[in-house]
Amino acid sequence: MATLVTSDRSTQATLADVPDPELDGLVAAEEERRGRQVNLLAGENVASPRVRALLGSAFADKYAEGYPERRHHTGCGPADSVESLAVARAKALFGAEHANVQPYSGSVAVLATAAALLRPGDAVLAMSLAHGGHLTHGSSANFSGKWFSVSPYGVRESDGLIDLDQVRDQARAVRPKVIVAGAISYPRAIDWEGFRAVADEVGAYFVADAAQTLGLSAAGVVPSPVPYADVVCGVTHKVLGGPRGGLILCTRELAERVDRAVFPFIQGGPMVNQLAAKAYALGRAATPAFAAYAGRTVANARSLAVALDARGLRPLTGGTDTHLVTVDARALGLTGREVEQRCESAGLLLGHCAVPYEDAPPARGSGLRMGTLSVTTLGMGEPETVEIASLIHAAATSPADRSATEGVRALAMRFPGLSTKPQCGS
Ligand SMILES: *Cc1c(COP(=O)(O)O)cnc(C)c1O
């Protein structure tokens, strides 16, 4: 007699193991793609095998709405310990008074921060999207642009750098409730202390969306926003090389508001497997090996910028202090999107962006945006960044020639991906 509830273990095993060759094939295709491409996408890294194992661990099934010791579900003992560990590691790593590690992603961290500090219609000062700001900094397609009155500041035309005097003038005129600093394609260290001073002058909260660079700050490679900002938003999957996901650091004073904004205002239960993988990444980021990685990442970005410059791709702002490299592709007579597509055909992944103050609409922007997180994780160094610059140039200027594709494939084979064998407990 068929029943839904069965104690027959073999039936359970069969249900657990229903084959799915279609999906197996897609996973194999993704592994194969990674194996032959060289990844310069600015926000992507290669998560360690332990991170991937933790994401697939028993914590993947657990519901744990609330916070440690204050859960809406039972059975949360180990989950409480995992979240507390992640919080303790985040606070120690960044020297923060409070950490919330539950945000599902960086965008959700910014949304929760807005929910904690703002009401619909409030004035916000944030970096212009055309000059490197993120969608959550005022895009008309995003909650930020729809719910708040966002006044965008840009970079200086002469050198591409943020001009704090201009930010101050704008802040005095707009009187924002929140000033946001941080960007997706600004390769320079940001003067967090200077932004704090502007925020104090106009009585605004200062929010640092440091999703790109917080990991570099943990290693001491660029200044940290934590001593200066009221709230810092970050992610664990970029520099930190951990799981996809966000985190928020804030002052003790704002802790309660931030926590309530994440749960129950925006999210339901945290992904406990993600919390476990975040805890691991935050622990690893405190090691000398991670500091050395962060240093190599920036050295690789500097060397890539110099090598691209030598091939006529002028670095915007003149160089970089971070893992990010942005260049002007106009000398090649191509849009950024065209270079991006030609590079993809050759197996090189990078992004297009606008060049501040150019006339073209964003879709026809002339900039390229890349980063050295993945290639550095795989062990590439400065000689390889020089090789990459010439491959980018060859792919863009001689798309019919197979030599760039062959060069990319050979480089990728010399630096294969990390083993994906689960290593928890090993
Ligand atoms: C990556 C990034 C985000 C968004 O992170 P997601 O996890 O993709 O939502 C937000 N702000 C900045 C500055 C970023 O670099």
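Reply: Leaving out residues up to four places away in sequence, F94 touches L214, A218, V226, L247, L249 and L282. The model is a predicted one. F94 belongs to the largest nonpolar core, which has 55 residues. Within that core, F94, I179, F195 and L249 touch the most other members. Two of these four, F94 and L249, are also in contact with one another.

Which helix gives the largest share of this core? That is helix α4, residues 77–94, with six residues. The core lies between domain 1 (54–284) and domain 2 (288–414), because both domains give residues to it. Another core lies apart from it and has 33 residues, including A301, M370, L391 and I392.

Helix α4 can be followed through two further positions. V87 is in this helix. With a relative accessible area of 19%, V87 is buried, since the cut-off for buried is under 20%. Beyond its neighbours within four places in sequence, V87 is in contact with A99 and V101. The C-alpha atoms of V87 and A279 are 7.7 Å apart in space, although 192 residues separate the two in sequence. G77 is also placed in helix α4, but G77 is partly exposed, at 43% relative accessible area. From G77 to S345 the C-alpha separation is 50 Å, and the two are 268 residues apart along the chain.

The two domains can be described as a pair. The chain is divided into domain 1, 54–284, and domain 2, 288–414. Their C-alpha centres lie 27 Å apart. To the contact, domain 1 gives 25 residues and domain 2 gives 21 residues.

T372 sits in the loop between β15 and α14 (373–377). Its relative accessible area is 0%, so T372 is buried. Apart from neighbours within four places in sequence, T372 is in contact with T297, N300, A301, L304 and H323. A305 is in helix α12, residues 288–310. At 4% relative accessibility A305 is buried, and A305 is in contact with P315 and V325 once neighbours within four places in sequence are left aside. A363 is 58 residues from A305 in sequence, and their C-alpha atoms are 23 Å apart in space.

The ligand is the next part. S107 has a polar side-chain atom 2.7 Å from an oxygen atom of the ligand. For Q212, an N or O atom of the side chain is 3.0 Å from a ligand oxygen atom. For K238, the corresponding distance from a side-chain N or O atom to an oxygen atom of the ligand is 2.7 Å. Taken alone, the ligand exposes 380 Å², and the protein buries 87% of that.

Some backbone details remain. Most residues other than glycine have a negative phi, and most peptide bonds are trans. Against that background, a cis peptide bond joins F263 and P264, with omega at about 10°. P264 is in helix α10, residues 255–266. R175, a residue other than glycine, has a positive phi near 50°. R175 lies in the loop between α7 (164–174) and β7 (178–181). Y357 likewise has a positive phi, near 75°. The place of Y357 is the loop between β14 (351–353) and β15 (367–371). Y357 is partly exposed, with a relative accessible area of 39%.

To return to the core, helix α4 gives it six residues, and F94 is among the members that touch the most others.

Notes: Residues are numbered from 1 along each chain as its sequence is written. This is a predicted model: local features need pLDDT of at least 70, side-chain atom pairs count only at pLDDT 80 or more; totals for chains, interfaces and linings use all residues. Side-chain values use heavy atoms; hydrogens and water are left out. A nonpolar core is a set of buried Ala, Val, Leu, Ile, Met, Phe, Trp, Tyr and Cys residues joined through side-chain atoms within 4.5 Å. Buried means under 20% relative accessible area, exposed over 50%, partly exposed in between (1.4 Å probe, protein chains only). Helices (H or I, at least four residues) and strands (E, at least two) are DSSP runs, numbered from the N terminus. Domain bounds come from an automatic or database domain assignment. Contact means heavy atoms within 4.5 Å. A polar contact is a pair of N or O atoms within 3.5 Å; within protein, one must be able to donate a hydrogen and the other to accept it, and residues adjacent in sequence count only if both atoms are side-chain atoms. Accessible areas come from the Shrake-Rupley method with a 1.4 Å probe; for residues, only the protein chains shown count as cover.
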